[in-house]
Amino acid sequence: RTRRAPSLVEVLACLVISSMLLTSVAMAFRSSFNSYKDAQQRGQLLNAGRDFMYHLISDIRMCDAAAPYDPSVTVNASEQSEFAAQIIPGYPVSGPPTSGGSGVAGIQLAKTHADSVDPTASPANPVIITYWYDSPTRTIFMSRKTGSANAKTYTMCTFVQSFTLYLQPVLI
């Protein structure tokens, strides 16, 4: 028998099959890479959320006073006199919606005792810590203000879909 070369039709059939296999492998690789990238981004967002919650809970536990904070309401009094007079910016109704509450987009804390984070805090020089949600940028910010010094603002969390605090009285 004599050997003959593959015909043009056979070569074209092999090329079509090979290109289909390579395309499916490339699509699977791309899908796998996108899935990995998505999982990494979700993990980073989750870690940022955990870190934010850790800071918020630590500050709440260490504070001496807490009040709802509404960044959209302008109050002429300073933060210290607001806490002293028990004025709540924006006068939100505390509690979850099921009990008639409106919730707020932030919380303001006053700390009057010194610790490792705020060593200069005292009753005469309290530290005002404010956490608030900025819905247009979907970002949660935190600021710390000691006495008459300018407040330092930090970005705590980004890409936040919604954020509402519900304040309840402590039941003893």
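Let me start with the largest pocket: helix 1 (8–62), strand 3 (127–134), strand 4 (139–146) and strand 5 (152–158) each supply at least two residues of its lining. Bear in mind that this is a predicted model. Helix 1 makes the largest share of that lining, with five residues. In total, 21 residues line the pocket, and the space inside comes to about 320 Å³. By type, the lining holds nine nonpolar, five polar and seven charged residues. Nearest the centre of the pocket lie Asp59, Val117, Asp118, Met142 and Arg144.

Now to one of those residues, Arg144. Arg144 sits in strand 4. Is Arg144 buried or exposed? Its relative accessible area is 13%, under the 20% cut-off, so Arg144 counts as buried. The side chain of Arg144 makes a polar contact of 2.8 Å with the side chain of Asp118. Beyond its neighbours within four places in sequence, Arg144 is also in contact with residues including Asp59, Val117, Lys111 and Lys152. Ile128, Ile129, Asn150 and Ala151 are among its contacts as well.

Next, the nonpolar core. The largest one has 17 residues, and Phe52, Tyr131, Ile140 and Phe163 have the most contacts inside it. Helix 1, strand 2 (106–111), strand 3, strand 4 and strand 5 are the elements that give two or more residues to this core. Which of them gives the most? That is strand 3, with four residues.

Last, Phe52. Setting aside residues up to four places away in sequence, Phe52 touches Tyr131, Ile140 and Phe163, along with Met156 and Cys157.

Key
Residues numbered from 1 in each chain as written. Predicted model: local features only at pLDDT ≥ 70, side-chain atom pairs only at ≥ 80, totals over all residues. Heavy atoms only, no water. 1 Å grid on protein atoms, 1.4 Å probe; cavity = no way out; pocket = protein on both sides within 12 Å on 5 of 7 lines; lining within 4 Å. Points joined across faces, edges and corners; volume = space filled by probe spheres on them. Nonpolar A, V, L, I, M, F, W, Y, C, P; charged D, E, K, R; others polar. Core = buried A, V, L, I, M, F, W, Y, C linked by side-chain atoms within 4.5 Å. Buried < 20%, exposed > 50% of the residue type's maximum accessible area, 1.4 Å probe, protein only. Contact = heavy atoms within 4.5 Å. Polar contact = N/O pair within 3.5 Å; in protein donor to acceptor, adjacent residues only side chain to side chain.
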